[in-house]
Amino acid sequence: MGLEIVEPNTCVRGCCSSTCIPLHLPPSSYTLLSPIARGAESVVYEAFLDGNRVAAKKPILSTSEDLDKFHKELQLLCKLNHPGIATLVAAHARPPNYMFFFRFYEQQNLAHRLHVQEWTPHFDQALAISLQLAKALQYLHDQGIIHRDVKPANVLLDRNSSAYLADFGLAQYKKDIRAVSTENWRSSGKPTGGFHKKNMVGTLIYMAPEILRKDIHSEKSDVYSFAVSINEMLTGVVPYTDIRAEAQAHTVLEMSYTEQQLTAAVVSGGLRPVLAGTESGVPAIMLSLIQKCWDVNPENRPSFSDIVLELEGILQQRKEMEKEDLLLQKSSISNGHQAIDSMNNLHTYQENINWYTEGEYLSKKASSGVHSGFRIWLNSLDESSTYHPILSWGSFATCGKRESMEDTHFLMPYICNEKDVHVFGIFDGHRGAAAAEFAAQTLPEFLKILGSTCSPPDALFEAFVRTDVAFRNVLDSHRKSKRVTQKDWHPGCTASAALIVRNKLFIANAGDCRTILCRGGSPLALSRDHVASCLEERERVVSAGGQVKWQVDTWRVGPAALQVTRSIGDDDLKPAVTAEPEITETVLSVEDEFLVMASDGLWDVVSNMEVVSIIRDTVKEPAMCSKRLATEAAERGSKDNITVIVVFLRPVSTAERVY
Ligand SMILES: Nc1ncnc2c1ncn2[C@@H]1O[C@H](COP(=O)(O)OP(=O)(O)OP(=O)(O)O)[C@@H](O)[C@H]1O
Ligand SMILES: [Mn+2]
Ligand SMILES: [Mn+2]
């Protein structure tokens, strides 16, 4: 970077200095853009520094201790230089602005990648990340520094998924940790609350048993946290939240144990997160390394130099296996044929049509790859006075007790790279998955096209209608070309879409998917279920020329006996079963906590109120919350596919910090 170092290159107190990192900057050299993350102790912004994209970490400074902490973190960061550690490129260490500027890591942190983006790394990728992290920690320990907050959220990933250890907010020289603790012990005779608080830092679920027992941190407590983090990457499961493990103590958080009970189980019960399984391609030697690293006795845990050696050994083995595989491949190619025959029998009335691809193809054609984005929507809002929700999102979808999956969904935060525009959608297919698969591709694309000409509610309305027309046209042309052979096959799907434009939330719904908002702790339904049991809908259907009859157990529409009264597709029931959505508009404010969208597989067995209280009791991670809700529905006997999207509208922390 072309930033100049202005001598004397020290912080205002003179305790931090560097020969190569500028420690004070002219205000004109940087611009803060929007926040990427809000922690308990800082806000991290995307920023530009001297024309380069960087991340600016701005600590929240409210006491003089906070300021001491800033100087300590800066002193440490100035000394660190390792390819596996997030690079500090500059700092501003003079009043009134205190800031760290780091190289920008495009893929955020490992926790986000795993649980929000639902990334499942291949074992070789996970191994590479483990090795990079182990080397960074080995370097740190060689400098006499303990990190004390090793966890996936503090591992940053660049665009190639290379890993960088970050967040030195709790890091300490080992010698200083000792000094503090002996002093405290001596002065108070026994550990006081204050002592505990001062020394028990880190994040609960990654904390070694000795730390939970209020011992002091050592290199080996970083080893423990490393093991929990690596295992989390290999399983994709946040520690202690696994709900698949039955009847075992592994479900502590699920069973709403308190933090004290979890602590006790880790310390004396030997509880650990569910270990990754070899069936997912993790070699046994890796699993035994993890187990050694989280041994209850710190002395039995290997050091990072041992861990690095062991991981390099595993990497070597993988490379040799790969060579052998390449040699073997030539002889095994002939095995692929059998599968194709059975595939052919599956599609009796639709000849291998991939409806996702159909939808994608159609929307590409419609937009010819150009849309001018959502500038007009944003320009019409008054930037300065409006509330800016801060979003995090996740989803979970399961086929449940059904044989096939007919639900689909999409998550499109920052649609068209617009920071303040987000779209999420759920589609619940019936008479096959065709309409749901098609609509999940086309609906957001139509929205992009319409965004430059219509208002948000008009764009949503039109996108639903156009998706429906497009689907029925494509189906029709396939009937004509005989790729669809069965004449009376009329697939359809219900649809629900949420569009957020800065502080405005628009929900469009056609059918019985439902969206609720948790506002001030209570559920607020933002959509109405369109089913024939609803009088108003029944009357609408009848006046549009449809027939409604009580059949078996409920009101149903037409010869197809459909329960829903609005949908995309279902061309045998058009226009009575309309694709026109009902749209609600909500202005978001600080009271608004989260949004839950789900297919009827959830709502059939869990009420709006119950959904809110289940989320209240779950680790505040949107993908985990989605999974928790789906599991609850399955346990309560839902017979349907279940899809859940959870969008938090305010910052939440994954695990509670101690103090
Ligand atoms: N250089 C960077 N590039 C991209 N994203 C970053 C960068 N630095 C931080 N972030 C994002 O900001 C988040 C918080 O950063 P960091 O952990 O340093 O702050 P913190 O306030 O100490 O957080 P915590 O509350 O977890 O202690 C990271 O998890 C990451 O998602
Ligand atoms: Mn952090
Ligand atoms: Mn359903």
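## Strand pairing

E1 and strand E2 (residues 42-49) are paired antiparallel, with six bridges between them. Within this pairing, Ala37 sits opposite Val44 of E2. The model is a predicted one.

## The sheet

E1 and E2 belong to an open sheet of five strands. The strand order is E1-E2-E3-E5-E4, and the pairing is antiparallel. Strand E1 (30-38) and strand E4 (88-94) form the edges. Each has a single partner strand, so one side of each lacks a neighbour in the sheet. From one strand to the next, the twist averages 25°.

## A helix across the sheet

Helix H1 covers residues 64-79. It lies across strand E3 (52-59), E4 and strand E5 (97-103). Relative to E5, H1 runs at about 30°.

## Packing of H7 and H9

Two packed helices are described by the angle between their axes and the distance between the axes. For helix H7 (residues 219-235) and helix H9 (residues 284-293), the angle is about 145°. Their axes are 8 Å apart. The crossing of H7 past H9 is left-handed.

Which residues in H7 and H9 meet? H7 supplies Val223, Tyr224, Ala227, Ile230, Asn231 and Leu234. H9 supplies Met286, Ile290 and Cys293. By class, this contact of H7 with H9 has eight nonpolar residues and one polar residue. It has no charged residues.

How values were computed:
Residues are numbered from 1 along each chain as its sequence is written. Chains are lettered from A and ligands numbered from 1 in the order in which they are written. This is a predicted model: local features need pLDDT of at least 70, side-chain atom pairs count only at pLDDT 80 or more; totals for chains, interfaces and linings use all residues. Side-chain values use heavy atoms; hydrogens and water are left out. Two strands pair if DSSP finds at least two bridges between them. Helices (H or I, at least four residues) and strands (E, at least two) are DSSP runs, numbered from the N terminus. Axes are lines fitted to C-alpha atoms, for helices over the stretch in contact, and angles run from 0 to 180 degrees between N-to-C directions. Contact means heavy atoms within 4.5 Å. A crossing is left-handed if the near helix is turned anticlockwise from the far one by less than a right angle, and right-handed if clockwise. Ala, Val, Leu, Ile, Met, Phe, Trp, Tyr, Cys and Pro count as nonpolar, Asp, Glu, Lys and Arg as charged, and the others, Gly among them, as polar.
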